[in-house]
Amino acid sequence: MHYVASGSLSLGSLGLLRLLGASWSWSLAAGLGVYLGTGGWRYLYVVVRTAKRDINGLYVLLRVKLALWLHIRNRNTIPSIFSKTVARHPDKPALVYEATGETWTFSQLDQISNAVAHWALSQGWTSGDVVALFMESRPLQVALWLGLAKVGVEAALINFNLRRDSLLHCVGVSASRALVFGAELADAVSEVSFSLSATMVRFSTGDLSPDQMAALKCHPLDSILASAPRHPPPCTVSKGFSDRLFYIYTSGTTGLPKAAIVVHSRYYRIAAFGYHSFRMRPDDVIYDCLPLYHSAGNIMGVGQCLIHGLTVVVKKKFSASRFWEDCIKHNCTVVQYIGEICRYLLSQPVRPSERQHRVRLAVGNGLRPSVWEAFMERFGVKQIGEFYGATECNCSIANMDGKVGACGFNSRILPNVYPIRLVKVNEETMELVRDKQGLCVPCQPGEPGLLVGRINQEDPLRRFDGYASQDATRKKIAYNVFKKNDSAYLSGVEGKAGMAAIADSTGNFNCNSFLKEVQHALPPYARPVFLRISPCVDTTGTFKIQKTRLQREGYDPRLTTDQIYFLNSRVGRYELVTEELYNAFEDGSISL
C-alpha cells in the first residue's frame with residue numbers, strides 16, 4: 001500500500017505541473033523525484049534485484065498453468081499422459097531397481113501396469129474403490145498404483161514404518177477393500193491380522209512360505225500378475241484430471257496420520273513445477289532414495305519418469321555409504337534429498353567417488369543453510385533445487401535462483417499472481433493474528449509467520465482437496481484471510497524435536513519400558529526425543545493442559561526441577577539431560 005500511495009502522489013504531481021504549463025521533461029523529472037522522495041526508491045530497488053527471478057517464476061507458472069488447462073479440457077489423467085510418454089520412449093529405461101539391477105523400460109512398465117489393471121477388474125473393483133499398498137520402495141509399487149489408476153481404483157500408499165494402531169488406522173481411514181503387502185512386512189501385517197476386516201482380501205508380493213501365506217490369509221500376487229493379460233484394459237473409467245488418483249499420508253508426528261487426497265492434476269502440478277523450476281532435462285537420470293509412499297519420492301521423483309520420460313533409479317532405502325557409488329554406477333545426474341540426508345553425507349569419510357559422479361542437481365527440502373554451501377563445495381554439485389510444500393497444500397514455493405538458505409519466494413512486484421502470504425500468528429496459542437477488520441495480518445520482511453494460500457476450487461493451482469476425513473480437512477481451512485469471505489489453506493509450523501511431558505506422581509516411571517512400548521507402537525520419527533517427568537501436569541481453569549510454560553522451558557535442566565531425558569539413538573536408551581549435555585546440544589557437538 002505504501003508503494004501505491006507513493007505512485008499516486010507522484011502521478012498527482014505530474015498532472016499538476018502539466019496543468020500549470022510545465023514541460024513534459026520537467027514534469028516527469030519532478031514526478032520521479034516525488035516518487036523516490038516518498039520511499040518509491042525502495043520499490044525500484046526491489047524491482048531491479050528480483051525482476052529476473054520473478055520473470056522466470058512467472059514463465060514457469062504460466063507454462064504449468066497452460067498445460068493444466070489443456071489436460072483438464074481434454075479430460076486427461078496421469079495414465080493417459082503416461083501412455084503418450086510410452087509412445088515417445090518405448091525402449092528407454094523407465095525404472096531401475098538399485099537393489100537388484102533390474103531395469104524396466106517404458107513399454108515393460110506399461111505392460112505390467114496393464115496386468116495390474118486386469119487383476120483389479122477380475123476382483124470386481126470399480127472406479128472409486130481403494131486398495132492399500134504396504135511395501136518397501138520398488139518399481140512394482142509404481143506399477144501397482146498406476147495400473148489401479150487405469151481402471152479408476154485409488155491406491156492408499158501406506159508408510160512401511162507404521163505398526164499396530166497406526167497401521168490399522170491408515171488402512172481403515174481410507175476404507176480400503178484390499179491390502180497388498182511386501183513379504184518383508186509380513187510380521188507387521190501379522191501383528192494386526194486379526195484386527196483387519198474379514199472382508200478385506202489380502203495379497204502378498206515377494207517370497208513367503210505356503211504356511212506363512214495361510215496364516216496371513218493372503219494370495220500370491222506375483223504369480224497372479226505373471227499370468228494376467230498385458231494389453232490395455234477396457235476403457236470404462238470416467239475420471240478426469242480433477243478426480244482422485246491416490247492417497248498419501250501425513251507423517252503423523254503430531255497425531256495419527258491423515259490420508260491426503262491426491263488428484264490427477266495435483267500429481268501433474270508437483271512434478272511439472274519441479275521439472276521446469278529446476279531446469280531438468282529429458283536425458284536426466286534421477287537417483288530416488290526417498291520412500292515411494294511419500295510425495296517427494298513418488299511425485300517429485302517418479303513423476304518425472306511418468307510425465308517427462310526421465311529414467312529414475314529406485315533405491316530401497318537410503319544409504320549414506322553407498323550414495324555416490326550408486327550415482328556413478330547408474331550415471332545419475334539428479335539426486336533427491338529430504339531432511340538431514342545432506343548432513344549425513346557430509347559426515348561420511350572422504351572417498352574418491354564423491355567427486356567422480358555426474359550429478360549436477362540436488363532436489364529436495366529441509367536443507368539447512370549451514371549445510372548448503374558445504375554440500376555443494378565438497379561434492380561438486382552445481383545446483384540445489386530447494387522447495388517447500390506439503391503434499392496437500394496449495395502454496396508450494398521453489399528456490400529458482402539458488403539463493404543459499406531459501407526454500408522459495410513470492411513476488412514483491414506481482415504478489416497477487418500467486419496468492420500466498422506469510423501471516424502473523426500468536427506463537428503461544430498458534431492462533432492467527434487479525435486486524436480491526438478481522439483479516440489476517442501479513443508479516444513484514446524478516447518476520448516469522450504461517451504460510452497460507454488462497455483457495456479457489458476452480459483453479460488446479462489454488463484448489464485444496466483435503467483429506468479422507470472431512471473433520472481434518474476443515475481444520476486446515478481459515479476464513480477471512482486476504483479479504484472478507486475468502487478461504488485459505490493453513491500450512492504447518494516448522495518441525496521440532498518432540499518432547500513428551502509425563503505426569504508420574506508415584507515416581508515409578510521406567511524409561512526403558514516406555515521406550516520398548518514406543519518402539520512397537522510408533523515409527524522412529526514419531527518417537528519423543530525428550531521426556532519430561534513431572535509429579536503433575538499444570539492445567540488451566542478449564543482443565544486444558546498448559547503447554548506454554550513447557551514449550552518455553554524446553555529441555556533446559558536449569559529451568560526446572562523435573563527430570564528431563566534425551567533419546568540417545570546410538571545406544572538405544574533415554575539418558576538424563578545434565579547441564580553438560582544441554583550445553584553440548586546448544587553448541588552443536590551433539591545433534592538432535
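Q: What percentage of the 592 residues in the protein do buried residues make up?
A: In this predicted model, buried residues make up 50% of the 592 residues.

Q: In what order do the 8 strands of the open sheet stand?
A: As a general idea, strands of a sheet pair through backbone hydrogen bonds, and the pairing may be parallel or antiparallel. Here the order is β2-β1-β11-β10-β12-β13-β14-β15, with mixed pairing. Because β2 (102–105) and β15 (397–398) each have a single partner strand, they stand at the edges, and one side of each is left without a neighbour in the sheet.

Q: In which sense do β1 and β2 pair, and which residue in β2 stands opposite Pro93?
A: Strand β1, residues 93–97, is joined to β2 by 4 bridges in the antiparallel sense, and Pro93 has Thr105 of β2 opposite it.

Q: How does β14 run relative to β13, and what lies between them in the β-α-β unit?
A: Strand β13 (residues 361–365) and β14 run parallel and are joined by 4 bridges, with Val363 having Gly385 as its bridge partner in β14. Helix α14 (residues 369–379) belongs with these two strands to a β-α-β unit, which is right-handed. On to the next strand, β14 pairs with β15 in the antiparallel sense over 2 bridges, and Tyr388 has Ile397 of β15 as its bridge partner.

Q: Where does Asp562 lie, and is it buried or exposed?
A: Asp562 lies in the loop between α17 (547–553) and β22 (563–568), and because its relative accessibility is 15%, it counts as buried. The side chain of Asp562 makes a polar contact of 2.7 Å with the side chain of Ser534. Beyond its neighbours within four places in sequence, Asp562 is in contact with Arg532, Ile533, Ser534 and Pro535.

Q: How many disulfides does the structure hold?
A: In general, a disulfide is a covalent bond that links the sulfur atoms of two cysteines. This structure holds 0 disulfides. Cys170 counts as buried at 0% relative accessibility, and Cys440 is buried with a relative accessible area of 3%.

Note on methods
Residues are numbered from 1 along each chain as its sequence is written. This is a predicted model: local features need pLDDT of at least 70, side-chain atom pairs count only at pLDDT 80 or more; totals for chains, interfaces and linings use all residues. Side-chain values use heavy atoms; hydrogens and water are left out. A disulfide is a pair of cysteine sulfur atoms within 2.5 Å. Buried means under 20% relative accessible area, exposed over 50%, partly exposed in between (1.4 Å probe, protein chains only). A polar contact is a pair of N or O atoms within 3.5 Å; within protein, one must be able to donate a hydrogen and the other to accept it, and residues adjacent in sequence count only if both atoms are side-chain atoms. Contact means heavy atoms within 4.5 Å. Two strands pair if DSSP finds at least two bridges between them. A crossover is right-handed if, with the strands pointing away from the viewer, the path from the first strand over the helix to the second runs clockwise.
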